[in-house]
Amino acid sequence: MTRLEQLFDGKLPQLVMFDLDGTLMDSVPDLATAVDKMLLQLGREPAGVQQVRNWVGNGSPVLVRRALAGQLEHDGVPGDLAAEALALFMQAYAGGHELTTVYPGVRECLGWLREHDVPMAIITNKPAQFIEPLLVEKGLVGYFQWLVGGDTLPQQKPDPAALLWVMGKAGAAPVESLFVGDSRNDVRAAKAAGVPCVALSYGYNHGEPIANEQPAMVLDDLRELVASAEGLR
């Protein structure tokens, strides 16, 4: 029996929902490049990859505000400056994603789920316009029946609205569904929706261990989710 089946009393879930950045892909290098280009255009010092790694997870508008503030707390950033900076960032990030990589184990896990006819979705705070092109570019298109971005609905994670919306589309109850993510926003959204959450240890959680959020399970590699005692099927 796989760890996935153990979570659901020996059965497979009716739906598995995934976060994107920090869960399926390491997108920070490209995000940092876009952030630094935006900052330089505004006459500011670049932030660098390490700082951006701690700022991602709440969508592009918040990432841009954090970059302008130089820290996680960004309440003091003027709205007009944030709007100008966001436009510059979106333009820069649309330019390419050559530095973004798919994490080890992702393709095997997605392939296993597809072979076992488990419907899948992506729920991310990344703007929706970037999701499908990124999946195409990285060879992950075709696995997911639903794609929800940070601007698809009025709410975004940690609000559970997107999870509830996808479950409604899939006809899956919370106890039949799973959310897989890497940040406190993911775990909190899943808990608010009544959905068990598997968290990845390698993602973006503002420098804090994701185990602190008490997800149902913490994994180092997505292959561990679908591996049996005999190994990955």
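Which residues does Gly203 touch, not counting residues up to four places away in sequence? Gly203 touches Gly22 and Asp182, where contact means heavy atoms within 4.5 Å.

## Basis of the model

This is a predicted model, in which local features need pLDDT of at least 70 and side-chain atom pairs count only at pLDDT 80 or more, while totals for chains, interfaces and linings use all residues. Residues are numbered from 1 along each chain as its sequence is written, and side-chain values use heavy atoms, with hydrogens and water left out.

Gly203 is found in the loop between strand 7 and strand 8; helices (H or I, at least four residues) and strands (E, at least two) are DSSP runs, numbered from the N terminus. At 23% relative accessibility, Gly203 is partly exposed; buried means under 20% relative accessible area, exposed over 50%, and partly exposed in between (1.4 Å probe, protein chains only). The C-alpha atoms of Gly203 and Asp26 are separated by 7.9 Å, although these residues are 177 apart along the chain.

Gly203 is also among the residues that lie nearest the centre of the largest pocket, together with Ser201, Tyr202, Asn205 and Glu208. On a 1 Å grid over the protein atoms alone, a pocket is an open set of points with protein on both sides within 12 Å along at least five of seven lines, a cavity is a set where a 1.4 Å probe fits but cannot get out, and lining residues have an atom within 4 Å of a point. The largest pocket holds about 160 Å³ of space; grid points are joined across faces, edges and corners, and a volume is the space filled by probe spheres set on the points. Its lining of 16 residues has seven nonpolar, six polar and three charged residues. In these classes, Ala, Val, Leu, Ile, Met, Phe, Trp, Tyr, Cys and Pro count as nonpolar, Asp, Glu, Lys and Arg as charged, and the others, Gly among them, as polar.

## Cavities

Two cavities of 30 Å³ or more are found in the whole structure. The largest has a volume of about 210 Å³, and of its 18 lining residues, Asp21, Gly57, Asn58, Gly59 and Lys126 lie nearest the centre. The second largest cavity contains about 30 Å³ of space, and its lining includes Ile123, Gly149 and Lys157.

Rings of Phe, Tyr and Trp (its six-membered ring) pair if their centres lie within 6.5 Å, with planes under 30 degrees apart counted as stacked, over 60 as edge-to-face and the rest as tilted. By this rule there are five aromatic pairs. Phe18 and Phe144 form an edge-to-face pair, at 6.2 Å centre to centre and 75° between the planes. Phe18 lies in strand 1 (residues 15–18) and Phe144 in the loop between helix 7 (131–137) and strand 5 (146–148), so the pair ties together parts that are 126 residues apart in sequence. Both Phe18 and Phe144 are buried.

## Backbone features

The peptide bond from Lys157 to Pro158 is cis, with omega near 15°. Asp117 has a positive phi, near 60°, and is exposed.
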